[in-house]
Amino acid sequence: MRLDYSRMQQDQLDGDHGLRPEVIDRLTRRYSEVQAEVATRREGGEYGFYALADQTETVAQIETFAEGLGQAHEDVIVLGIGGSALGTKALLSALRGPGWNEWDDEAREYYPRLHVLDNIDPSIVHNLLQRVDPRRALVNVISKSGNTAETLAQYLVVRDWLEDALGEAAVRHLVFTTDPESGALREIATRESIATLDVPPSVGGRFSVLSPVGLLPLALVGIDIGALLSGAAQAISQAAGAELKHNPAALFAGLMWAADTTAGSRIQVLMPYSDRLREFGAWYCQLWAESLGKRLDRQSAVVHAGPTPLAAVGATDQHSLVQLLMEGPYDKVVSFMTVDDPGCDVPIPDSPDLPEAAAYLPGHTLGGLLDAEYQATARALAEAGRMNLTLNLPDLAPATVGELVMFFQLAVGYAGVWYGVDPFDQPGVELGKRLTFAAMGRPGYDTAPPAREPASMES
Ligand code: PA5
């Protein structure tokens, strides 16, 4: 993986915009302090996700489990939300390609389809349960807390569906991935002897895709999860760099922080030129937003910090967002992602009597066109004074994807230090949860009257 950040710098843009040399110097000088704070906080028990690169026993356990179960089922259904789902969706798409579930059994090498239900919209739940045969389905219920309303509601619906078809055997089609001791899922699993995997307590939800949360579903579809973790280990060893320019995760985080706080680029766009990385954008948005969007800093001062992440994809968004990126406010920075060897390419064939406007295309490939469009967009943005950088990946093999995931997790950990906020909590979602419980009649949660009259209009 290579990080090219030349187009973040003022002298590479239009001369007016971008990071001034003294800003980059300041980042470089502050690096040792940032690195020391991360080390201290790691020793104090924060940053538990670093340990995910080293899970030899867990990998062996999951692989054995997956070998026994995977090819015996046609469909695996993951129930979960937020950090318990987005990473698995992103990695399924990156590693197996966006259309995995549409391939026939032979093309999938008899590995199951993998469905991730990360919402409670009745239409998607109903639709899936209509299509899948419960007798050939394995359901992985994932919740670190074991108490999340959406996941528990899905579980109750899906359990009912399994029992209708299988009676008492339904429990053999369930696996829970949850806290080793606490929560409703753990209680149910213990009472009913349901198979379980542990989510390490020191790893937060949005940092958990490389824990059993993502490893089990990915192993079930035949992903080499050992290679995934070896890539993660590689990202961690790079983060030990003694200089900022040798630590890509800290550098990326520092550049994004400086773009936000010194150049007004509060909107941080992730734009892979790869459909296999389209879902990755949603995972990045959650990681960035939930970790850095904070009212208080580490000293409890009110800061309302946090850049706004935005997911785009090339070339699709060249016909949508790029107009805004080129000519709208100077409040955005774009992180492109490119892949040298995406695993396949498609030649553009010739055709008789092509009009001149199409005649330049034959002889190229779709991959070549995609790359030319990335090059052109990155350069055009720079010429318009718009900061951008590029993360270049050699391929989308499991080790590379593992490195990429860990790179962003490390980066958000560093960004927490650059911003001075705690990237591992999410106090802002609590009030909404309490009001939902009250509305659903959960004992102990009162329905408070609305603060003011709602404004509404019917047509
Ligand atoms: O990152 C987080 O902590 C959250 O997004 C959680 O992943 C999400 O709320 C789901 O929580 P749980 O896994 O406890 O069901």
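Predicted model: local features only at pLDDT ≥ 70, side-chain atom pairs only at ≥ 80, totals over all residues.
How far is an oxygen atom of the ligand from an N or O atom in the side chain of Ser-145? I got 2.7 Å for that pair.

**Ligand site**

For Thr-148 I read 2.5 Å between a polar atom of its side chain and an oxygen of the ligand.

Then I listed the shell. There are 13 residues around the ligand, and the closest are Ser-84, Ser-143, Ser-145, Thr-148 and Gln-286. I sorted the shell by type and got nine polar residues, three charged and one nonpolar. I also looked up which space the ligand takes, and it turned out to be the largest pocket.

**Helix 9 and its end**

Next I went to helix 9, which runs over residues 248-263. I have it down as mostly covered, with 13 of its 16 residues buried. Just past the helix I stopped at Gly-264, where phi is positive at about 70°.

I then looked for positive phi in residues other than glycine, and noted two.

Tyr-110 is one of them, with phi of about 65°. I placed Tyr-110 in the loop that joins helix 3 (86-96) to strand 3 (113-117). Is Tyr-110 buried, exposed or partly exposed? Its relative accessible area is 49%, so I wrote down partly exposed; the exposed class needs over 50%.

His-304 is another, with phi near 45°. I found His-304 in a strand, namely strand 9, residues 302-305. His-304 has a relative accessible area of 54%, so it goes down as exposed.

**A cis peptide**

Which peptide bond did I mark as cis, with omega near 5°? The one from Gly-314 to Ala-315. Ala-315 belongs to the loop between strand 10 (308-311) and helix 11 (322-327).

**Ser-208**

I checked Ser-208 in the loop from strand 6 (195-198) to helix 7 (212-220). Why do I call Ser-208 buried? Because its relative accessibility is 1%, and buried means under 20%. I also followed the side chain of Ser-208 and found that it reaches the backbone oxygen of Gly-205 at 2.6 Å.

**Pro-427**

Another loop residue on my list was Pro-427, between helix 14 (398-419) and helix 15 (430-439). At 52% relative accessibility, I count Pro-427 as exposed. I took one distance from here: Pro-427 to Val-199 is 21 Å between C-alpha atoms, with the two residues 228 apart along the chain.

**Ile-188**

Last stop was Ile-188, which sits in helix 6 (residues 184-192). Its relative accessible area is 13%, so I filed Ile-188 as buried. How far apart in space are the C-alpha atoms of Ile-188 and Phe-176? I have 9.5 Å, for a separation of 12 residues in sequence.

Note on methods:
Residues numbered from 1 in each chain as written. Heavy atoms only, no water. Near = heavy atom within 4 Å. Polar contact = N/O pair within 3.5 Å; in protein donor to acceptor, adjacent residues only side chain to side chain. 1 Å grid on protein atoms, 1.4 Å probe; cavity = no way out; pocket = protein on both sides within 12 Å on 5 of 7 lines; lining within 4 Å. Sits in = over half its atoms within 2 Å of the grid points. Nonpolar A, V, L, I, M, F, W, Y, C, P; charged D, E, K, R; others polar. Buried < 20%, exposed > 50% of the residue type's maximum accessible area, 1.4 Å probe, protein only. Helix = DSSP H or I, 4+ residues; strand = E, 2+ residues; numbered from the N terminus.
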